[in-house]
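Hi,

Please load it before reading on; my notes follow below.

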Amino acid sequence: MKRMRLDRFLSNSKVGSRKEVKTLIKEGLVEVNGITANRPDSIVYPQSDVIQVDGQKIEYREFHYIMLNKPAGVITATKDKHHNTVMDVLDDKFKSLDLFPVGRLDIDTEGLLILTNDGKLTHNILSPKKLVPKIYFAIIDGVLNKNDIELFKKGIPLSENYTTLPAKLDIIGPDRAYITIYEGKFHQIKRMFEYVNKKIIYLKRIQMGNLKLDETLSPGESRELTESEIELLKSSVD
Ligand code: URA
């Protein structure tokens, strides 16, 4: 049976940060099976113990799934000495959840980034074998043409020994398009456009697998996925 520290249980359940939940325990506000807890490091069994804070039962959720509309200017990492990271822009209530990003977006790329503590789902989504589509919106310095569509369809050589899988280029204006790719190579879309002699001036991820970015989230805003969105995400790798 799963066991964990009481302070971790409480912070994973979004009661507060590790520091805040330690204070709650010290103040005698936390009960485990009806007995006041006095140690943050005491071991609890989340599936069977009844844990209450100030008389309120805390429901345990093992996994959390957060959607962030990543703003430009932050890097996709959990810590960095030089730049702000996606963790810095996350809503405070998600900061204690031990989340990590599912894949990467470049510092200047915006859009859909999932953060979760579900390692198995992350692994599946990022597995090259699962061929999970990622859809981006791009604005280009240049004019797109039918030949670009054909080249993307064939796969673009990124180096001497690597050509991308066939990708879809949907041109929606002279300088803008949706691009669907099935891998996540370093600067992949920028390099694909470089190959057709075009430069990206704006890039935003709008979909990952079956899950779409909630366009009501402004860059920098985050929220928990709904149950049906979690199912959509999981259905991308079934
Ligand atoms: N391709 C890129 O070039 N950059 C990203 O951030 C994502 C895909």
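Start at a helix end. N145 caps the N-terminal end of helix α5 (residues 146-154), with a side-chain oxygen 2.9 Å from the backbone nitrogen of N147. G155 comes after α5, and its phi is positive, near 105 degrees. Helices here are DSSP runs of H or I, at least four residues, numbered from the N terminus.

Some ground rules. The model is predicted: local features need pLDDT of at least 70, side-chain atom pairs count only at pLDDT 80 or more, and totals for chains, interfaces and linings use all residues. Residues are numbered from 1 along each chain as its sequence is written, and side-chain values use heavy atoms, without hydrogens and water.

Domains next. The chain splits into domain 1 (4-57), domain 2 (65-127 + 211-235) and domain 3 (133-208); the bounds come from an automatic or database domain assignment. Over C-alpha atoms, the centres of domain 1 and domain 3 are 49 Å apart.

Now the ligand. L105, D106, T109, Y136, H187, Q188, I189, K190 and L203 surround it (a heavy atom within 4 Å). That shell holds four nonpolar, three polar and two charged residues. Nonpolar means Ala, Val, Leu, Ile, Met, Phe, Trp, Tyr, Cys and Pro; charged means Asp, Glu, Lys and Arg; the others, Gly among them, are polar. Domain 2 and domain 3 each supply at least three shell residues. Helix α6 (residues 188-195) gives the most, with three.

Polar contacts are pairs of N or O atoms within 3.5 Å; within protein, one must be able to donate a hydrogen and the other to accept it, and residues adjacent in sequence count only if both atoms are side-chain atoms. For the ligand:

- D106: a polar side-chain atom is 2.7 Å from a ligand nitrogen.
- T109: a side-chain N or O atom is 2.8 Å from a ligand oxygen.
- H187: a backbone N or O atom is 3.3 Å from a ligand oxygen.

On its own, the ligand has 240 Å² of accessible area (Shrake-Rupley, 1.4 Å probe), and the protein covers 96% of that.

Best wishes

Note on methods: Helix = DSSP H or I, 4+ residues; strand = E, 2+ residues; numbered from the N terminus.
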